Amino acid sequence: MNLFCLPVSRCVLLDFLAFNPVNFGNILFTTSIAILNVFSDFVKNRRNVPLVLLHMNKAQPYSHFLHLLLICRIEAAQCPDVVVAQIDPKKLKRKQSVNVSLSGCQPAPEGYSPTLQWQQQQVAQFSSVRQPKSEDEEGWKKFCLGERLCAEGAVGPATNEGPGIDYVQIGFPPLLSIVSRMNQATVTSVLEYLSNWFGERDFTPELGRWLYALLACLEKPLLPEAHSLIRQLARRCSEVRLLVDNKDDERVPALNLLICLVSRYFDQRDLADEPS
């Protein structure tokens, strides 16, 4: 036998609905659920109102679904918000099949430990090769075109003083492993960053490779901002092409390709070149 408290004004109605069900259709169901909510709130918060005792014998079979709901609400209201399990570590230790060490790394032998300056330098270099965030315009320019080109605006082959390729200086190529992880918002943002850079500088092979890769990642139908960006790109390509003195210049085919893709593939026909 359990003793529970209810406000006097709600006790008789709740007892009637829960234990003497009458078929009132949707009205009974809606009203009963609302009363159950009120009851749960009073039990949980212990409000200071006139109370009477409501006797409920859970040993008796449930006479109605509202009876079951009322029992569940009462038990839930009496449960604490946070429960911590009391576990005996000795019982688990006997059944342990895998031993996990919680200690730190083994200390380096004498003379093996790197200096703090070396560690900070490695962290700085590692941060520079990570893919920038979508809103980092300067970071994306350096990532795609390299610090040398972004800082100096120089055009020409890179000179390597040491062995290997320094992608931080010459920029990362648009590898599939890089562009395949870029969502449409990032593709549009990077296309905007490089188009802005192209608007004030000459065309370079590094820029052409990235523009081609970004166009390949654009999904149709185009978003409004992407639609405006590719038209701006095609117009800029046509302006740079006018400044090229020799028709055999290696920049001409690349510029023609970008104009062709924007006008023919992305259906910007008014920007298309007249066939010769």
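## Starting at L218

Select L218 and show its neighbours: leaving aside residues up to four places away in sequence, L218 touches Q184, V187, T188, L191, A226, I230 and F266. Keep in mind as you look around that this is a predicted model.

Now widen the view to the largest nonpolar core, which has 40 residues; L194 and L218 touch the most other members. To colour the elements that give two or more residues to this core, pick α6 (137–145), α7 (147–152), α9 (176–179), α10 (184–198), α11 (205–217), α12 (224–242) and α13 (251–265).

## On to the rings

Next, show the aromatic side chains; the structure holds six aromatic pairs. Go to W140 and F143, whose ring centres are 5.4 Å apart with planes at 80°, so this pair is edge-to-face. Both sit in helix α6, three residues apart, or about one helical turn. Are they buried or exposed? W140 is buried at 0% relative accessible area, and F143 is buried too, at 5%.

Then move to Y167 and F172: with centres 5.3 Å apart and planes at 20°, the pair is stacked. Here Y167 is partly exposed, with a relative accessible area of 33%, whereas F172 is buried at 15%.

## Last stops: charges over rings

Select K220 and Y265 to find K220 over the face of the Y265 ring, 4.6 Å from its centre. Finish with R236, which lies over the face of F198 at 5.4 Å from the ring centre.

Definitions and conventions: Residues numbered from 1 in each chain as written. Predicted model: local features only at pLDDT ≥ 70, side-chain atom pairs only at ≥ 80, totals over all residues. Heavy atoms only, no water. Core = buried A, V, L, I, M, F, W, Y, C linked by side-chain atoms within 4.5 Å. Buried < 20%, exposed > 50% of the residue type's maximum accessible area, 1.4 Å probe, protein only. Helix = DSSP H or I, 4+ residues; strand = E, 2+ residues; numbered from the N terminus. Contact = heavy atoms within 4.5 Å. Phe/Tyr/Trp six-rings, centres within 6.5 Å; stacked < 30°, edge-to-face > 60°. Lys NZ or Arg CZ within 6 Å of the ring centre and 35° of its normal.
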